[in-house]
Amino acid sequence: MENLLLTFCIAFALSLGLAPLARVLGLKMGAMDSPGKRKLHADSVPRVGGMSILAAFLITFAVIAVLGFEAADMLFDDAAHYFFLAGALIIFATGLADDVYRLSPWSKLGLQLLAAVTAYAGGILISSFIALPFNLDISD
């Protein structure tokens, strides 16, 4: 249990520490979100904050694997986890490309479907939903 808490703390600290770097990269790449009627921010802000989260995730993976944490064993013991990670990387790349190049909705949908098919190919399934409204049952 201590290993899981330490794993969380490593990922959290890394994501906080890497966020300013992601901001600088966003400014250099020109991936900025301008204020508008439907926006909450008053100034232009970088749109690439997900880079710090992904980097923290991957660095944490490496650290727990090197340190031999039991969490690493849980993550690397099933091939489905690799397919899940591949799908997640496709989603990240899609979001980053959209932030920088403004992809069309059809391009984004196609890449999101590719990510879903990748995860599904590895055996990742949504087997149940929690708290469906109106007591709906979609198990069939």
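Guide: Helices are DSSP runs of H or I with at least four residues, strands are runs of E with at least two, and both are numbered from the N terminus. This is a predicted model: local features need pLDDT of at least 70, side-chain atom pairs count only at pLDDT 80 or more, and totals for chains, interfaces and linings use all residues. Residues are numbered from 1 along each chain as its sequence is written, and side-chain values use heavy atoms, with hydrogens and water left out.

Visitor: In what order do the elements of the protein run from the N terminus on?

Guide: The protein has five helices and two strands. Read from the N terminus, the order is α-β-β-α-α-α-α.

Visitor: Is the protein more spread out or less spread out than a compact globule?

Guide: Take the radius of gyration over C-alpha atoms, and the globule rule as 2.2 Å times the number of residues to the power 0.38. For 140 residues the rule gives 14 Å, but the protein has 18 Å, well over that, so the answer is more spread out.

Visitor: Where does A119 lie, and is A119 buried or exposed?

Guide: A119 sits in helix α5. Buried means under 20% relative accessible area, exposed over 50%, and partly exposed in between, with a 1.4 Å probe and protein chains only. The relative accessible area of A119 is 13%, so A119 is buried.

Visitor: Which residues does A119 touch, not counting residues up to four places away in sequence?

Guide: A contact means heavy atoms within 4.5 Å. L40 is 79 residues from A119 along the chain, and their C-alpha atoms are separated by 34 Å. Leaving out residues up to four places away in sequence, A119 touches F83 and I124.

Visitor: How are the rings of F8 and F12 arranged?

Guide: A search of the whole structure finds two aromatic pairs. Rings of Phe, Tyr and Trp (its six-membered ring) pair if their centres lie within 6.5 Å; planes under 30 degrees apart are stacked, over 60 edge-to-face and the rest tilted. F8 and F12 both lie in helix α1 (residues 2-29), four residues apart, about one turn of the helix. Their centres are 5.8 Å apart and their planes at 20 degrees, so the pair is stacked.

Visitor: How are the rings of F57 and F61 arranged?

Guide: Their centres are 4.5 Å apart. Their planes stand at 50 degrees, so the pair is tilted.

Visitor: Is F61 buried or exposed?

Guide: F57 and F61 both lie in helix α2 (residues 50-67), four residues apart, about one turn of the helix. F57 has 36% relative accessibility, so F57 counts as partly exposed. F61 has a relative accessible area of 15%, so F61 is buried.

Visitor: Which residues does R47 touch, not counting residues up to four places away in sequence?

Guide: R47 lies in the loop between β2 (45-46) and α2. G122 is 75 residues from R47 along the chain, and their C-alpha atoms are separated by 30 Å. Leaving out residues up to four places away in sequence, R47 touches A31, M32, D33, D99 and R102.

Visitor: Is R102 buried or exposed?

Guide: R102 is in the loop between α4 (79-101) and α5 (105-121). Its phi is near 60 degrees, a positive value in a residue other than glycine. The relative accessibility of R102 is 52%, so R102 counts as exposed.
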